[in-house]
Every structure is written in structure tokens, then in C-alpha cells.
Amino acid sequence: MMCEGKSFYVWLMGLIGLIGLLVLCLWLSLLPKSPSYSILFISIETPSCQNDTNKIFYSLQIENPNKDSGIYYDDIILTFLLDGQQEDDDKVGDTTIGSFHQGIGKTRIVSDTVNSKPGALKPLLNAMSNATAELKVALMTRFRYKTWGIKSKFHGLHLKGNLPIDSDGKLSRKKNKYPLTHNYKNVVKSKVKKKH
């Protein structure tokens, strides 16, 4: 009689453990992944005279890797810098990509131009002639997931990247794309507009 009661409790504990393991696996499979951002193309237009501003042509790829979650983005602030510091002297130019929704598993490519501050790219243009030019990029936004009709809380995102520039003013083709990552010490502090 005592053995039967004990084996029932062992069976019940095993069942509870199995259900707990299944719930954990289900939760991990539904945990959304962060969107990924990559620079596909950069071209720096050389000004015709010394006082003109430079234009930076860029293509930014935004990927939603999730198979069950859409992503709602607030405005995305994309900033180009000379050496990635926080001072305004190093900021070449910036642009804002308006808020949008990205469907499940979708990829979006944003191509546009940024006007640089007058004379801001002069050190970069000099380095381009030596084939040692590097432009930095910083991206800030916040977003939330929508999974099974339920929106998550907002997640902030601060990404950075180094972009090698060839002597022709274009992004080096050593890679097909240059991913933006979290592992960069100096982040540009800009404010992202909050949407209600």
C-alpha cells in the first residue's frame, strides 16, 4: 500500500517535470530575436568647390529574422561620424528614417542621402587618397514585437559599425554587407522621439 502511494507521487513529479520542460521549450521557441541591420552601400560625393557640402549615399538593410513576430519601429536615427566620438565636431551628418511596421520574416532596404556638414568630411577625403579611410555609423531606435496579436514592451537599440571607404569614395567590397553591432564603446547620444 505504501509502495503504491510512493510510486504515484514519483509518477506525478515526473509528469510535472515533463510539463515544466515543455513549457520552457515553448517559451524559448517563441522568444523573438532582435532585428539585424547592415550597410550595403556607401558612396561619398566629392564637392565641386570647397564650400559645398558632401552627400553620402547609403543603403541600409533591416531584417526581421522572426517567423512568428512582426516588428513595430519608432523613428530610426542614423548618424555618420569620423571617429565615433560623442562630440558634435566628429558628426558628419545624420538622418531620420520614419517609423514603420515590418512583417514576419521580411527584409527592408532603405536607400537615401545624407548631407554632410560643410568641411566635415575633409579628413576622410584626405584619408581616401591614402586608401586608409574609415567612416563610422551609429544607429538608434526603439521597437516592439507583435506576437500572436500581443505587442511587447519597447526595446531600445544602439548599434554601431566601421565602414572602410575605398579611394573612389565607395564602401569597400571586401564584404557584401557590413553588419551593425552592439560591441562599440562610444555611442552617439541622440534622442529618439517617443510615439504614443
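Reader: Which residue in β2 does Ile42 stand opposite?

Author: In this predicted model, Ile42 stands opposite Tyr58 in β2. Ile44 likewise has a residue of β2 opposite, namely Ile56.

Reader: What makes β1 and β2 a pair of strands?

Author: Two strands pair if at least two bridges are found between them. Strand β1 (residues 36–45) and strand β2 (residues 55–63) are joined by nine bridges, and therefore they count as paired. Their sense is antiparallel.

Reader: How do you know that β2 also pairs with β7?

Author: Nine bridges join β2 to strand β7 (residues 107–115), and the requirement is at least two, so these strands pair as well. They run antiparallel, and Lys55 stands opposite Asn115 in β7.

Reader: Why are β7 and β11 called edge strands?

Author: The open sheet has four strands in the order β7-β2-β1-β11, with antiparallel pairing. Because β7 and β11 (178–179) each pair on one side only, they are the edge strands.

Reader: What makes Ile56 a contact of Ile42?

Author: Contact requires heavy atoms within 4.5 Å. Leaving aside neighbours within four places in sequence, Ile42 is in contact with Ile56, and also with Tyr58, Phe80 and Leu163, among others.

Reader: Which residues touch the most other members of the largest nonpolar core?

Author: They are Tyr37, Ile42, Phe80, Leu135 and Leu163, in a core of 36 residues. Strand β8 (residues 133–147) contributes the largest share of this core, six residues. As members of a nonpolar core are buried by definition, and buried means under 20% relative accessible area, Ile42 must fall under that cut-off.

Notes:
Residues numbered from 1 in each chain as written. Predicted model: local features only at pLDDT ≥ 70, side-chain atom pairs only at ≥ 80, totals over all residues. Heavy atoms only, no water. Core = buried A, V, L, I, M, F, W, Y, C linked by side-chain atoms within 4.5 Å. Buried < 20%, exposed > 50% of the residue type's maximum accessible area, 1.4 Å probe, protein only.
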